[in-house]
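User: I would like to learn how to read the features of a protein model. Could you please guide me through this one?

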Amino acid sequence: MQRLTRSAQIDDATLAIYEETVAIIHRYLPPSLALLYATARRSAEGNLEWWTARQGLATPLSALSDTEQIETQRKRQQYQDTVAGLIDQLTARGETQPAQALQTLLTHSQDLDCYRVGGEPVLINWAIPVPAPLTQVPPPARRWRFLPWLLLGLLLLIALAWWWFCYHHRTDAALPVQHTPPAAVGEASPNKTELTQDNPSVSLAKTNDFGRIKVNLTWQQGQNHQPVDLDIAAFIKLKNGRNTGVEALSKYLGDYEKAPFMLLQKDLRDGGNKDGEWLFINGSQWQEIDEVLIYSFIYGGANNWQGLDATITLSVPNQPPISTTLVNSGERNEVAAIARIKNVDGDLKVERLNSFFPDRESLAKHYGWNFEWTPGASKN
């Protein structure tokens, strides 16, 4: 990471708005698009700073040659057109909250300050806090004496509108503190949080140790004559940039004590175990994990998800269990993305996905996981 600029002092509330926006950017945009927007940080002195993960010489757009400015603006517009296409996709899938947030960001992007870093555009000041000038400036001419107040009022209105948007649309409030102890040390609270279309995500506040996180997949037989066999699996992205996964069919069972800090307990080959299938995530190493995408696929006994009521339940010690059930109208896609667990500045955020795909490769491509797939995997 390299710092681009440092500006005014920033308070906790405004910083929280930036961090929430960063989370949306990196959740829904692939890395090539997410890096179009610089990351906001607060320095030790309390100043707002803009950083980028792009490597190379950083130059303000105004300092570039005419040819470089044209090329940078062309790339900028190309990236923003791609973001616009993604907004349409989110809207079509019914994900209105991130679509509206990205649309607000895209609309505001037209007037943002731009840097060229390693030949690529990077935008700063994509959300505007109320600024406090760092240096004394000469007073304006008398005929412009009201202009600073008009600009300040405009900035206040923009900041207030952005705060209102985030406050009234955010769904990832942290779980309440439990005032009664759990039944036993290390067990989850009996209350349950269910993720649905109207309540698609929940966050657990940052802690030093989330403990042993258990993920359980259960399902029903439905109207199927043969025993239904579902497999649970996951993609894992680590903070060091490594992507991997756990899946019985590919014979990747993982490792709990070392990377990827996730273990697939076993594969129920006949689908007959009523306890379902289990994944274990080492929450003591949560700072090493960036994202976990949990999915399942039908290995046998059914040709669609209707009536299976496939449900995952995520249990974190001393927290209410979090569950979500796949809702499907009977389409024949055999692979389902169930949930995503994100490390958002140390918080543990769980999101309902409920998306269906013809195969695992299509799922991976849709969510931006650059895996190479080879034929021939078999439970035998």
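User: In which loop does Ala-248 lie?

Analyst: Please bear in mind that this is a predicted model. Ala-248 lies in the loop that runs between strand E11 (243-246) and strand E12 (254-255).

User: Is Ala-248 buried or exposed?

Analyst: A residue counts as buried when its relative accessible area is under 20%. Ala-248 has a relative accessibility of 19%, so Ala-248 counts as buried. Position in sequence and position in space are separate matters: Ala-248 and Ile-232 are 16 residues apart in sequence, and their C-alpha atoms are 8.2 Å apart in space.

User: Where is Glu-351 found, and which residues does Glu-351 touch?

Analyst: Glu-351 is found in strand E19 (residues 347-357). With a relative accessible area of 5%, Glu-351 is buried. Leaving aside residues up to four places away in sequence, Glu-351 touches several residues, among them Arg-27, Tyr-28, Arg-340 and Lys-342.

User: Which residues of H3 and H4 meet?

Analyst: From H3, the residues include Val-83, Ile-87 and Leu-90, while those from H4 include Ala-99, Leu-102 and Leu-106. Sorted by class, this contact of H3 with H4 has nine nonpolar, four polar and one charged residues.

User: At what angle do the axes of H1 and H4 cross?

Analyst: Angles of 65 to 115 degrees count as roughly perpendicular. The axes of helix H1 (residues 12-28) and H4 cross at roughly 105° and come within 11 Å. That makes H1 roughly perpendicular to H4. Ile-24, Ile-25 and Tyr-28 in H1 meet Pro-98, Ala-101, Leu-102 and Leu-105 in H4. By class, the contact of H1 with H4 has seven nonpolar residues, with no polar and no charged ones.

User: Which residues touch the most other members of the largest nonpolar core?

Analyst: A nonpolar core joins buried residues through their side-chain atoms. The largest one here has 42 residues, and Leu-230 and Trp-305 touch the most other members. Strand E10 (residues 229-238) supplies the largest share of this core, five residues. A second, separate core has 37 residues, including Leu-64, Leu-90, Leu-102 and Tyr-115.

Key. Residues numbered from 1 in each chain as written. Predicted model: local features only at pLDDT ≥ 70, side-chain atom pairs only at ≥ 80, totals over all residues. Heavy atoms only, no water. Contact = heavy atoms within 4.5 Å. Helix = DSSP H or I, 4+ residues; strand = E, 2+ residues; numbered from the N terminus. Nonpolar A, V, L, I, M, F, W, Y, C, P; charged D, E, K, R; others polar. Core = buried A, V, L, I, M, F, W, Y, C linked by side-chain atoms within 4.5 Å. Buried < 20%, exposed > 50% of the residue type's maximum accessible area, 1.4 Å probe, protein only. Axes fitted to C-alpha atoms, helices over the stretch in contact; angles between N-to-C directions. Parallel < 35°, antiparallel > 145°, perpendicular 65-115°, else oblique.
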